[in-house]
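Thank you all for coming; I would like to take a few minutes to walk through one model with you. Please have a look at it before I go on.

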Amino acid sequence: MTRIAFIGLGIMGRPMAGHLQAAGHELFVVRHVSPLPEELLEGGASECATAAEAASRSEVVITMVPDTPDVEEVLFGAGGVAEGLQPGTTVLDMSSISPIETKQFAERIAEKGCDYLDAPVSGGEVGAKGASLTIMAGGSGETFERVRPLLELMGANITLVGDVGAGQTCKVANQIIVALTIEAVGEALLFASKAGVDPGRVREALMGGFAGSRILEVHGQRMVERTFDPGFRIALHQKDLGLALEGARALGISLPNAATAQELMNACAAQGWSDLDHSGLVKALEVLAGHEIA
């Protein structure tokens, strides 16, 4: 049994923490934004007043919060994790944030005599609930192996990509691919619908060919059925593409299609759709076409 502080119990963090608890690990939880899940408290999780208190009672601290400033606040703000860390504790950030600032956070945690691993995830709410997340880790091999048994309770495809920050870099690359594929699926189904062909049947046909993908399967169905309840919100993907473009500027490279996808995300946000699932990107394409997939 490992004593684990879990901070960030939202759409994805909630089931992830549940898998750890179901496996017999002891949870220490603190409210960040979302209310504390009753099922975790009823299952024996201990509610703490601050992140510092949760960290002081734990061997591993897991953060799963929306953005870089959230991680910084949770770790280093008043009553934050850093205030309660004991030497030898492992900090495991599973949020999707800036690779550059991740390295800075790791250095500050190391000053406390603690280890740091960045391990962002892909797979959305479905993957979190099914413990089938893809987990991309950055840090030392020793730290990775120490927490691997915990990662295996939450994910199915788990890779140590490189040193600290490499996991976040991999996640940004993942989000570029996902955004561009969502956009491509949206264009294809919109084209079929406008041409008078059933987009649902088009999706079924394409699933068996070279165009088949997990995004066509899951998000294509969302587009056809108009079910945009969030598994992963547009606002979060908008943030991730911002990290991609920020990194591209720093590296001196061009990511033209990522920039286009970001503008479509921006258009969705302007329409008040930030809290829709990122498959809702298709709504921006529909506005441009003056046609809704039917």
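I begin with a term: a residue is called buried under 20% relative accessible area, exposed over 50%, and partly exposed in between, using a 1.4 Å probe and protein chains only. What you see is a predicted model, in which local features need pLDDT of at least 70 and side-chain atom pairs count only at pLDDT 80 or more, while totals for chains, interfaces and linings use all residues. Residues are numbered from 1 along each chain as its sequence is written, and side-chain values use heavy atoms, with hydrogens and water left out.

Let me start with R57, which counts as partly exposed because its relative accessibility is 35%. R57 sits in the loop between α3 (51-56) and β4 (60-63), where helices (H or I, at least four residues) and strands (E, at least two) are DSSP runs numbered from the N terminus. Leaving aside residues up to four places away in sequence, R57 touches R3, F28, S46 and C48, a contact being heavy atoms within 4.5 Å. From R57 to A289 the separation is 232 residues in sequence and 55 Å in space, C-alpha to C-alpha.

Next come two helices, whose expected span is 1.5 Å times one less than the number of residues. Helix α9, residues 166-194, has 29 residues and reaches 42 Å from its first C-alpha to its last, close to the 42 Å expected; α9 is followed by G196, which has a positive phi near 90°. Helix α13, residues 256-270, has 15 residues and reaches 21 Å between its first and last C-alpha, again close to the 21 Å expected.

Which residues of α13 are buried? They are A258, A261, Q262, L264, M265 and C268, and because they fall within an arc of 160° seen down the axis of α13, they line one face of the helix; that arc is taken from the directions from the helix axis to the C-beta atoms. These buried residues pack against α9, α12 (234-251) and α14 (282-289), whereas the face of α13 turned away from the buried side carries the exposed residues P256, E263 and A270. After α13 comes G272, with a positive phi near 85°.
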